[in-house]
Structures are given as structure tokens and as C-alpha cells.
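Biologist: Please show me the sequence and the structure. Then kindly begin with the term that a discussion of accessibility requires.

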Amino acid sequence: MKSIKTIFATMAVCLGIMTTATACSDDKDEPAVPAAKSVAGTYTSDMTCSVMGQESTFENMTFTLTSTDDATVTLDMSAFGNPPMQVPAIKITGIKVSGENGKYTLAPTDFNGTTTDGKAYSGKIQGSFADKCLTMQFNLQYGAMPMPMICSFTAQGK
């Protein structure tokens, strides 16, 4: 009888240890990468722009997104076009990024500034990032142009 009690006691202790061992796991959830850091990178592709229905393609444009905090990026866009109608490199700050799991939205953001040669620019930009693909759309009012340039850019990333 004593051996049966010992067996049951041993089984109870083992069961308690097994339950505790399975409840405490070493598996740690990977911390989520902040949205801005998830889309940060350099993207190169062609960009199309339309002015009054006339479309132009600018080859090998580079868009560099740099995270300034967990939810904000700065865009550095390469110069495009040919002199004397060339648009110089433009920097757009304060673009908010939201989303998770590889799907992100770059919120509509108004921007403005002045180039190094004194020409004003302004517009609105927005975009998305999914399946490692960055898509940006923006309107750009540059210098004394009477109509905005309506541009789109799509590039594969990391």
C-alpha cells in the first residue's frame, strides 16, 4: 500500500513540474519594428509626371526614406529633368507612417520649401508600402509653373 501512495505522490510531483515547465516558456515574441524603420531605405525606379495631361517619365529616380522617429520619415528625392527645366533634389520632412506586418501607409503630407537657387516649391505627398514595394503619389508646384506636376513613383525595396 505504501508503494502505491509513493507512486501517486511521485506522479503528482512530476505532473506539477511538467505543468510549470510548459507554462513558462523561453519563446519570446520578437519586438515589432517601428513603422518608420520598416519603410526606411533607398528606392530607385522610374517616376512618371503629368502636367496638363502631358506625361513624362524620369528614369532612375532615387527616393531615400530616413526614419526620424518610430512613426515619421524624411524623404530625399533626387533631382529630375534637364536644364533649364530641371527640378533639383527636394527634401520633404514630417511624413507620418502607420501600419504593421509589412503593410504601411505614408499619410498625406503638405510640404513646401525653397531650393538652393531660390525657387519655391510646394505640394502634397502620400504613399504606401506593401510586399516590399514603395508607392508614392504627389503633386508638386515648382517655381513659376502655372500648373502642378502630378507624379507617381513605384519601386521594389529591401
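Modeller: A residue is called buried under 20% relative accessible area, exposed over 50%, and partly exposed in between, with a 1.4 Å probe and protein chains only. The model is predicted, so local features need pLDDT of at least 70 and side-chain atom pairs count only at pLDDT 80 or more, while totals for chains, interfaces and linings use all residues. Residues are numbered from 1 along each chain as its sequence is written, and side-chain values use heavy atoms, with hydrogens and water left out.

Biologist: Is F129 buried or exposed?

Modeller: The relative accessibility of F129 is 6%. This value is under 20%, the limit of the definition. F129 therefore counts as buried.

Biologist: How many bridges join strand 1 to strand 2?

Modeller: Strands are DSSP runs of E with at least two residues, helices are runs of H or I with at least four, and both are numbered from the N terminus. Two strands pair if DSSP finds at least two bridges between them. Strand 1 covers residues 41-51 and strand 2 covers residues 54-69; they run antiparallel, and the number of bridges joining them is 10.

Biologist: Which residue takes a positive phi in the hairpin of strand 1 and strand 2?

Modeller: Two residues stand between the strands of this hairpin. The positive phi is near 55°, and the residue that takes it is M52.

Biologist: What is the bridge partner of L65 in strand 3?

Modeller: Strand 2 also forms a hairpin with strand 3, again with two residues between the strands. Strand 3 covers residues 72-77, runs antiparallel to strand 2 and is joined to it by six bridges. In strand 3, the bridge partner of L65 is L75.

Biologist: Which residues does T74 contact, leaving aside its neighbours within four places in sequence?

Modeller: Contact means heavy atoms within 4.5 Å. T74 has its place in strand 3, and at 9% relative accessibility it counts as buried. Apart from neighbours within four places in sequence, the residues in contact with T74 are T64, L65, T66, T68, K91, I92 and T93.

Biologist: How many aromatic pairs does a search of the whole structure find?

Modeller: Rings of Phe, Tyr and Trp (its six-membered ring) pair if their centres lie within 6.5 Å; planes under 30 degrees apart count as stacked, over 60 as edge-to-face and the rest as tilted. With this rule, the number of aromatic pairs found in the whole structure is six.

Biologist: Why is the pair of Y43 and F129 given its class, and what is that class?

Modeller: The ring centres of Y43 and F129 lie 6.4 Å apart and the planes stand at 70°, so the pair is edge-to-face. Y43 belongs to strand 1 and F129 to strand 6 (residues 120-130), so the pair ties together parts that are 86 residues apart in sequence. Both Y43 and F129 are buried. The class asked for is edge-to-face.

Biologist: What is the class of the aromatic pair of Y104 and F129?

Modeller: For this pair, the distance is 6.2 Å centre to centre, with 45° between the planes, and the class is tilted. Y104 lies in strand 5 (residues 103-114) and F129 in strand 6, so the pair ties together parts that are 25 residues apart in sequence. Y104 counts as buried because its relative accessibility is 8%. Ring pairs link Y43, Y104 and F129 into a cluster, and within it the pair of Y104 and F129 is tilted.

Biologist: Which residues form a disulfide?

Modeller: A disulfide is a pair of cysteine sulfur atoms within 2.5 Å, and by this rule the count comes to one. C49 lies in strand 1 and C151 in strand 8 (residues 149-156), so the pair ties together parts that are 102 residues apart in sequence. The sulfur atoms are 2.3 Å apart, and the two residues are C49 and C151.

Biologist: What is the handedness of the disulfide of C49 and C151?

Modeller: C49 is buried, with a relative accessible area of 3%, and C151 is buried with 3%. The torsion about their S-S bond is about 110°, so the disulfide is right-handed.

Biologist: How far apart in space are A36 and T72, C-alpha to C-alpha?

Modeller: A36 is found in helix 2 (residues 35-39) and is buried, with a relative accessible area of 0%. Not counting residues up to four places away in sequence, A36 touches several residues, including D69, T72 and V97. A36 and T72 are 36 residues apart in sequence, and their C-alpha atoms are separated in space by 5.5 Å.
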